[in-house]
Amino acid sequence: AITNEIKQPAKDFKAQIDDLLKITDETKVQIDAQLDVYKEKEAAERHQKKMERVQELCKLANINPDEIEWQDDWDNKTITNKRFEKEINEQIAIVQQKQEQFAENAQVITQKADELCLPAKHWTDELSSKSLPDILNEMQDYKDDLTAISAKQKETKVKEAQEMKQAGDTYIDPDTGEIKEKVI
């Protein structure tokens with residue numbers, strides 16, 4: 001009983017402290033909620049400024065800003081402008097390199113298409129999904145197929161002409177009597 005009496009003031013004090021902690025926790029939650037709105041607004045402004053800088057740098061480099069891959073850590077408060085711009089410039093250099101490579105590949109394809117007497121547009125469009133050697137091989141295969149088809153058509157035409165009878169200025173199929181074409 002004596003021990004319980006001695007412990008009672010300590011229990012009462014603990015209950016008072018717990019009540020005070022609840023009040024401070026509620027206040028903390030309210031303050032944090034208000035600070036979160038401010039932090040989100042600040043982060044959005046920081047992101048917007050960096051997006052504008054990306055667009056400026058891309059405009060100077062004459063590339064599309066959509067080709068820059070946004071890194072999540074660029075939105076952090078701790079990233080320095082020097083590091084941010086360095087990483088942007090690295091990506092811009094990569095995009096420019098890809099554009100130069102694409103232009104060189106397109107030129108090679110155009111030359112090969114002229115050489116093979118093929119339209120170049122279709123083959124340059126293929127560059128977005130296939131490699132240059134694959135496209136060049138496909139172009140050669142396509143030309144070989146066209147040549148084979150042309151030779152076969154010519155052979156068939158000659159064979160048909162040999163089998164036909166000439167009557168005046170037209171060819172006539174001897175089996176059916178059908179007039180095929182004029183003699184030129």
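Start by selecting aspartate 32 and lysine 28: these two sit four residues apart in helix H1, which means about one helical turn separates them. Helices here are DSSP runs of H or I with at least four residues, strands are runs of E with at least two, and both are numbered from the N terminus. Before you click on, note that this is a predicted model, in which local features need pLDDT of at least 70 and side-chain atom pairs count only at pLDDT 80 or more, while totals for chains, interfaces and linings use all residues. Residues are numbered from 1 along each chain as its sequence is written, and side-chain values use heavy atoms, with hydrogens and water left out.

**Stop 1: the first pair**

Show the side chains of aspartate 32 and lysine 28. They make a salt bridge, with their closest N and O atoms 2.8 Å apart. (A salt bridge is a side-chain nitrogen of Lys or Arg within 4 Å of a carboxyl oxygen of Asp or Glu.) Aspartate 32 is partly exposed, at a relative accessible area of 30%. On that scale, buried is under 20% relative accessible area, exposed is over 50%, and partly exposed is in between, using a 1.4 Å probe on protein chains only.

**Stop 2: zoom out**

Switch to a cartoon view. You'll find four helices and three strands in the protein chain, in the order α-α-α-α-β-β-β along the sequence. Of the 184 residues, 18% are buried. The structure has twelve salt bridges in total.

**Stop 3: walk along H1**

Select residues 2–61, which are helix H1. H1 has 60 residues and spans 85 Å from its first C-alpha to its last, close to the 88 Å expected at 1.5 Å a residue. (The expected span is 1.5 Å times one less than the number of residues.)

Now go to glutamine 8. H1 bends there by about 30 degrees, and proline 9 follows within four residues. (The bend is the angle between axes fitted to the seven residues ending at that position and the seven starting there.)

Next, colour Arg46, Lys50, Val54, Leu57, Cys58 and Ala61, the buried residues of H1. Part of their cover comes from H2.

**Stop 4: a buried arginine**

Stay in H1 and pick arginine 46. (Contact means heavy atoms within 4.5 Å.)

**Stop 5: the nonpolar core**

Select Val54, Leu57, Cys58, Ala61, Ile63, Ile68, Trp74, Ile79, Phe84, Ile88, Ile92 and Val95: these twelve residues form the largest nonpolar core. H1 and H2 (81–116) each supply at least two of its residues. (A nonpolar core is a set of buried Ala, Val, Leu, Ile, Met, Phe, Trp, Tyr and Cys residues joined through side-chain atoms within 4.5 Å.) In soluble globular proteins, nonpolar side chains tend to be buried together.

Centre on isoleucine 68. Beyond its neighbours within four places in sequence, isoleucine 68 contacts Val54, Cys58, Ile63, Trp74, Ile88, Gln91 and Ile92. There's also a second, separate core of eleven residues, including Leu118, Trp123, Ile135 and Met139.

**Stop 6: bridges around H2**

Pick aspartate 73 and arginine 83, whose side chains meet in a salt bridge at 2.3 Å, N to O. Aspartate 73 is in the loop between H1 and H2 and arginine 83 is in H2, so the pair ties together parts ten residues apart in sequence. Both ends are partly exposed: aspartate 73 at 26% and arginine 83 at 35%.

Move to lysine 86 and glutamate 90, another salt bridge, with closest N and O atoms 3.8 Å apart. Both are in H2, four residues apart, about one turn of the helix. Lysine 86 is exposed at 53%, whereas glutamate 90 is partly exposed at 42%. Then select Arg53, Glu56 and Glu85, which salt bridges with shared partners join into one network.

**Stop 7: two positive phi angles**

Last, find cysteine 117 in the loop between H2 and helix H3 (120–125). Cysteine 117 isn't a glycine either, yet has a positive phi of about 60 degrees, and is exposed at 64%.
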